[in-house]
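Dear colleague,

Please find below the structure for your review. My notes on the interface and the nonpolar cores follow.

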Amino acid sequence: MGGFLWGFMEIVIYGITNSVTLALMAIGFSLTFGISGVPNFAHGAFYLLGGILTWIFINQLGIPYLFSAILSVIIVGLLGFGLYWGLMLRLRGMVVNEVIATLATAIVIIEVLRYLGFSGFTYVLPEFIKGSVNIGKAWLDYQRIFLVGIGVALIIILYFFTHRTRVGLSFRAIAQNERTAISLGIDSDRTAALSLAFGSALAVVAGLAILPLGSIDTEVGYDILIYALAVGIVGGLESVPGIVLASFILGFCQILVATFFKAQWLTVVTLGAIVLILAVKPSGIFGKYKELEERV
Amino acid sequence: MKHKMHLKCLTTVFLATLGVMFLYSGAFAQAKPIVLGLPSSFFQPLVKSGRLAVELAIDEINGTGGIFVKDEKVKRPLKLVTADTRCGEPGTPVHAALMAVDKMIADEKPDALVIAPFRSEAMVATLDLISKYKMVTIQTIAQTPKLIEIFQGDPEKYKYWFRATTNSTYVGNTAARTVDALRRQFGHDKFFTIAQDTLWAKGSADALKGRLEGLGWKMVGLELAPVGTNDFSPILSKARSSGAQVLYVVGDMPTLPVCFKQWKTMKIPTMLFLDFAVVTSNKAWGMYGEDLDYVMVLPFPGGTGAPVKALPQSAYFHKKWADKKLPGMDDPRTVSSAYDAVYILKDAIERAGFVPSKDPDKFVGFIEKTDMMGVSGRIRFDKATHQQIFNGDPKEASIIVAYQWRAGKMVPVFPDIVAEAKVELAPWMK
């Protein structure tokens, strides 16, 4: 009985942490896509870049952790803004070109970082607090507790931001109907650029919460993009509630499969879910992009 | 009379010119370096550190004036030339690596090669080039037993190749004996394996399984973790419920540190034997700190990851490394072998009295008779395989040493002959 309780608690606790991790990876991607319609394939590269910048600020420039983190979020946010004004503005509406341009940006960032030697295991971000705590017989490290806290806080902040602030309301307006929003005086390009900036900054926040669990390697730039896409496709790329729900479905499925079957099927869970949802509801659980075609 | 004077003058000038030419050629000969070629993949951390180790040895030797070449009666300094084979980067074909080696030999005309290509398949293919150019090669990275097999297929053709480091058989056997030492100390006999879901890691896991089962152990679980796994909790829970006393983890993916961190935070009641190169050097503590406490590691060969008292050369090597303020090793595997390789050549040149390129066929015999102390113990070669001999006694041959991380230090714990402490169980296991 004790063993069962132990196992059950671990499934619940690590299911939640795994789900929130997935949500953090995907939320920035979803925000950008939902507002500007730009599929930011440089999302993983920004996640990686934020981690490496923070490492450089802490270890090379001696800047305290918190300031390093804030600085990285701002710099990458500005890069996202610049990416829109410098590149995406000219490609807006041409979906294939948008994908190619952002993917190329990702490859350039990741490969330049690799060329500069930012691969291997040297680059480790410190955990906020070391140690672990016993929750109902299961041990959980403080970093994962922080991670869950950051995830929940981000969702709440995002909700209030998009419902209570002027910029947030303009985000929603553009997302709901761009032409009507423009007719009401909302600058569509400025809002889209801001959404790319916010999405990129959120990628860094996710990195700062997740990367201290392991180490920073250039490969994570590609891995994160795959997870973000998987969660986005299942939940609905433009829907924050969809992202949260999909993260919990995938997160718990992964833990259950690894616990009751074999860990090697973890990747199959993620990719299988994409295939399944594309076959049944291509817009994702809460997505509306192809809703009309789906009804027909 | 006048004619005689002329003749005298001319003779004097001629002799003076000859003298100057002789002196000049002598000076030139003294300065002419012995060229060591290092063709390998500098993308790989262990090659980067290996190169620094070669340069360290060269600086030491050049600091004494160079290597005395008896036949030339001069001390010749060493010079290093490099070529990036890129064979450690994803997607680089073997022929690209071969072209890099070929070009280096043709352009730079090295007297001998050290380290050599990183990836085993590139090294296997390089054997023919070595043979074609009769290039004496002290190879120190690729671990495949296939190289010995090829050598033994035609020893005359491949005689210029020597492996001055471990091979995967030695490493695998030592890993199994290290785990088996836990049976003698604690009565453990069940192990659980977590392998990264890649061919090489699965191969290592299978090899260890075979060896340990041969020693009476039982594998109570095997889990393959996909590359990118960032939560090992379900796998570690299984390891706990399997009743295993030893957890063997093998891989090289960036998220593998998550595994040993969770092993600690989840207080999994097993010894953790980690086959993960990054945590086998002193530098690792600076990155992961106390998360590494009680983890067992096996850098190879002995003494490359951290000093061992019973291997005096290892303490010397690490002191020199620190004195020169060289960067910490990201991956210390075979780094000390690269250092030793230069000294193996120095020793053979001094005994032979000539450089390898002068008469490679004859020079090979001098390498075969190598008998000197290196970082991992006594360096000798098996004439039948051209493989550096490893066994359990550093006075007889070279050794591989297992360590346990304790409070920031890598403490040698196996084999008994060099162990500086007994293995300790993690506190949550007691």
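A salt bridge is taken here as a side-chain nitrogen of Lys or Arg within 4 Å of a carboxyl oxygen of Asp or Glu. B:R240 makes such a pair with A:E10, where the closest N and O atoms are 2.4 Å apart. Between chain B and chain A the count is 3 salt bridges.

This is a predicted model, in which local features need pLDDT of at least 70 and side-chain atom pairs count only at pLDDT 80 or more, while totals for chains, interfaces and linings use all residues. Residues are numbered from 1 along each chain as its sequence is written, chains are lettered from A and ligands numbered from 1 in the order in which they are written, and side-chain values use heavy atoms, with hydrogens and water left out.

The interface

In total, 34 residues of chain B are in contact (heavy atoms within 4.5 Å) with 36 residues of chain A. The buried area, meaning the accessible area (1.4 Å probe) that the two parts lose on being put together, summed over both, is about 2900 Å², and carbon and sulfur atoms give 55% of that area. B:N230, B:P254 and B:T265 supply 18% of what chain B buries against chain A, more than any other three residues.

There are 12 residue pairs in polar contact between the chains, both residues being at pLDDT 80 or more; a polar contact is a pair of N or O atoms within 3.5 Å, where, within protein, one must be able to donate a hydrogen and the other to accept it, and residues adjacent in sequence count only if both atoms are side-chain atoms. On the side of chain B that touches chain A, the elements giving two or more residues are β9 (218-225), α8 (233-241), α9 (256-265) and α10 (283-288) of chain B. Helices (H or I, at least four residues) and strands (E, at least two) are DSSP runs, numbered from the N terminus. The largest share of that side, 6 residues, comes from α8(B).

B:N230 lies in the loop between β9 and α8 of chain B. Leaving aside residues up to four places away in sequence, B:N230 touches A:N18, A:T21, A:M25, A:R144, B:T255 and B:V258.

The cores

A nonpolar core is a set of buried Ala, Val, Leu, Ile, Met, Phe, Trp, Tyr and Cys residues joined through side-chain atoms within 4.5 Å. The largest has 158 residues, and B:F232 and B:W263 are among those with the most contacts inside it. Helix α1 (residues 2-36) of chain A gives the largest share of this core, 13 residues.

Yours sincerely

Methods
Buried < 20%, exposed > 50% of the residue type's maximum accessible area, 1.4 Å probe, protein only.
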